[in-house]
Amino acid sequence: MIPSYNHAPYVAQAIGSVLDQDRAVDELIIVDDASTDDSRAVIGRTIDGYAGPVRIRCEMLDRNSGAHAAIALGLSRASGDVLSILNSDDAYAPDRFRVILDALPRAGDFVAFTGVDFFDGDGARLGDEDPVRAWYRDVLAQAGACPTVGFALLRHNIAVTSGNLVFSRGLYERVGPFAAYRMCHDWDFLIRCMVHVEPIFVPGAHLRYRTHPTNTLKSTGNLMHGEGSAALKTYLALIARGNTTNRLAPTPENWPVYFRFFTETYAPWFTGQPIDTVARQLFSAPETPPSWLSAPPDSVESGGYLTQASAKQDALALRRVVSLLMPQ
């Protein structure tokens, strides 16, 4: 589905990139969130007379409600079991759905995303030395040092945008809708998903992300920090409940040694402070913090979170992680 808002110069290309997939999609749902430019006229001209295999449905809202609401409405109108989002200023590579579908599991829930290519407002591909492309290279390099995609997502939003996500209807119904964030509704949704399933990263630049003066990749400041903190707190509260369906999810129970090292060493994307430091600020009094944050400094283990390492515990933890990553 395409949530559209004030992207008249770009929305026709977004629509075309869905309709021109080399593996045809079943349906396209467009929700225009009360655009004030010519987006609605462009949408009408683009789909008028279309006679291809894709079912197209448009919803034109009378009042602007935000991206999260437009996405929720669009997904509620979808009839399929594989759901996808494309922002109205971006575009899909022609082989995107074929490549992604080949990487999805044969059964069960999933969330997946691909690599990203970057273009400017005029449609020209950003040069290799552009700051945005340099940032993305650095993000992928740091992700490569993580043992799982889940840990990589706690460091950075390597999916970049909600328009890069493909997920099962079952997972969406379990996790719930996108939160009412302007900047990090995609990251929040992804890290909530990884409590249930391990995210799938499909290499190759199969999404074309457009950078221009009004998109959220250029937003900074208090909004970024506030929304990121709220999303991280939601994830930490979820894993504090105990065992996760995704046995590779970054939790103290699943990774009893590495989780401690990771949270004390690495910072999430919205701050320079380690995750452990941010978490202690988020769960400050009078709230009761998770047991792995409130364990006494001299304790060896509390709630599965090792606050002191030992050779025996490290060996047991390593054996457990290897068995998860390399099942018999």
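Predicted model: local features only at pLDDT ≥ 70, side-chain atom pairs only at ≥ 80, totals over all residues.
What is the volume of the second largest pocket? About 430 Å³.

First, the whole chain. The chain has 328 residues, and 51% of them are buried. There are 13 helices and 10 strands. Now take contacts between residues at least 6 apart in sequence: 73% of those join residues at least 24 apart. The exposed surface comes to about 14800 Å². Carbon and sulfur atoms supply 53% of that surface.

Back to the pocket. The lining of the second largest pocket counts 23 residues. Nearest its centre lie Val25, Asp26, Glu27, Val82 and Leu83. Several elements give at least two residues each to this lining: strand E2 (27-32), helix H3 (67-77), strand E4 and helix H4 (96-103).

Strand E4 takes us to a sheet. This sheet is open and has five strands. Read across, the order is E4-E7-E6-E8-E5, and the pairing is mixed. Which strands sit at the edges? They are E4, residues 82-84, and E5, residues 91-92. Each of these two pairs on one side only. For E5 and strand E8, residues 200-210, the sense is antiparallel, over two bridges. Look for Tyr92 there: it stands opposite Leu207 in E8.

Strand E5 turns up again around helix H1. H1 covers residues 11-19, and its buried residues are Val11, Ala14, Ile15, Ser17, Val18 and Leu19. What covers them? The cover includes E5, along with strand E1 (2-4), E2, helix H2 (39-47) and strand E3 (55-60).

Last stop, a single residue: Thr251. You'll find Thr251 in the loop between helix H9 (222-239) and helix H10 (258-265). Is Thr251 buried or exposed? Buried, because its relative accessibility is 1%, and the cut-off for buried is under 20%. Which residues does Thr251 contact, leaving aside neighbours within four places in sequence? Tyr235, Ile239, Thr244 and Phe259. The Thr251 side chain reaches the backbone nitrogen of Asn254 at 2.9 Å.

Conventions
Residues numbered from 1 in each chain as written. Heavy atoms only, no water. Pairing = 2+ DSSP bridges. Helix = DSSP H or I, 4+ residues; strand = E, 2+ residues; numbered from the N terminus. Buried < 20%, exposed > 50% of the residue type's maximum accessible area, 1.4 Å probe, protein only. Contact = heavy atoms within 4.5 Å. Areas by Shrake-Rupley, 256 points an atom, 1.4 Å probe, with all protein chains shown as cover. Polar contact = N/O pair within 3.5 Å; in protein donor to acceptor, adjacent residues only side chain to side chain. 1 Å grid on protein atoms, 1.4 Å probe; cavity = no way out; pocket = protein on both sides within 12 Å on 5 of 7 lines; lining within 4 Å. Points joined across faces, edges and corners; volume = space filled by probe spheres on them.
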